[in-house]
Amino acid sequence: MRTIMLGAPGSGKGTVATKLAVVYDIPHISTGDLFRHHIKEKTPLGEQAESYISTGQLVPDEVTIGMVAERLRDPDCGEGFILDGFPRTTHQAESLDRILAEDGRAIDLVINLTVSDEIILSRISGRRVCASCGQIYNVDTHPSRTEGICDLCGGNLMLRPDDAPETVMRRLETYREQTEPLIEHYIKKELLIEIDNEHSSAVTVQTIIAFLAELH
Ligand code: ADP
Ligand code: ZN
């Protein structure tokens, strides 16, 4: 199953993709996570990406597409994958098709998660991330047992640097301008399904599993 998760920042792409990856035993490939890893490790790619991410802009396609192409060649992608946060521009979508076609592969399904703006803003403002292991919490909906401390590793919880309110507004604009047009692109290809992720991600995951079971 070769899948793309689409959705605005804060729509819950990462949470839903993580759960689906476990259910179908395929890798969850998040470009945001890959970039954050590079930034933490201070690699040259991380240095190139950092200023864009911290201001809510897209990292240039030259950097992003090469990074994803390399990841998709890894052997664990043989049975499929879930892309989260890629593609984010029409040019990235076309490049993805070309990269996959080189090995006779293609995208099977695009899942667009829909959520109201109000929920997006409350999810992002409440989000906290463990500085050590990356586990994600939310002060309202999924708090850690001890405030500010990770349940899994005892690390300190912090705001993601690009979750500052001004940067969130910029990310939403970037999404509307550059990523939203992809919805139309994948509707035309008859690959898109739309799922409401306003409520529980567990319900969303069950809805997607039921949909896929119908297909087979
Ligand atoms: P969100 O979907 O909540 O904005 P992500 O973790 O997916 O968060 O992405 C964080 C940031 O990483 C984005 O704002 C952008 O700067 C960068 N990024 C992630 N994926 C891409 C991509 N496909 N192309 C360009 N930049 C990207
Ligand atoms: Zn942790």
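Where is E190 found? I looked it up and found E190 in the loop between α8 and β8; helices (H or I, at least four residues) and strands (E, at least two) are DSSP runs, numbered from the N terminus.

**Ground rules.** I am working from a predicted model, in which local features need pLDDT of at least 70 and side-chain atom pairs count only at pLDDT 80 or more, while totals for chains, interfaces and linings use all residues. Residues are numbered from 1 along each chain as its sequence is written, chains are lettered from A and ligands numbered from 1 in the order in which they are written, and side-chain values use heavy atoms, with hydrogens and water left out.

I noted a positive phi of about 60° at E190, although E190 is not a glycine. E190 is exposed, at 72% relative accessible area (buried means under 20%, exposed over 50%, partly exposed in between; 1.4 Å probe, protein chains only). K42 is not a glycine either, and has a positive phi of about 55°. I place K42 in the loop between α2 and α3 (44–54), and its relative accessibility of 64% makes it exposed. I also checked the peptide bond from F86 to P87, which is cis, with omega near -5°. P87 sits in the loop between β3 and α5.

C130 is buried at 3% relative accessible area, whereas C153 is partly exposed at 40%.

**Sheet.** I traced an open sheet of five strands, in the order β2-β3-β1-β4-β8, with parallel pairing (two strands pair if DSSP finds at least two bridges between them). Its edge strands are β2 (28–30) and β8 (192–196), each pairing on one side only. Strand β1 (residues 2–6) runs parallel to β4 (residues 109–114), over four bridges. Four bridges also join β1 to β3, again parallel. Reading across, I4 is opposite L83 in β3, M5 is opposite I111 in β4, and the bridge partner of L6 in β4 is N112. Both faces of β1 are covered: R2, I4 and L6 are buried on one side, T3 and M5 on the other.

**Cores.** Which residues have the most contacts inside the largest nonpolar core? I found L72 and Y186, in a core of 29 residues. A nonpolar core is a set of buried Ala, Val, Leu, Ile, Met, Phe, Trp, Tyr and Cys residues joined through side-chain atoms within 4.5 Å. Leaving aside neighbours within four places in sequence, L72 is in contact (heavy atoms within 4.5 Å) with residues including I29, F81 and L96. Apart from this core I noted another, of 15 residues, among them V16, A21, I208 and L212.
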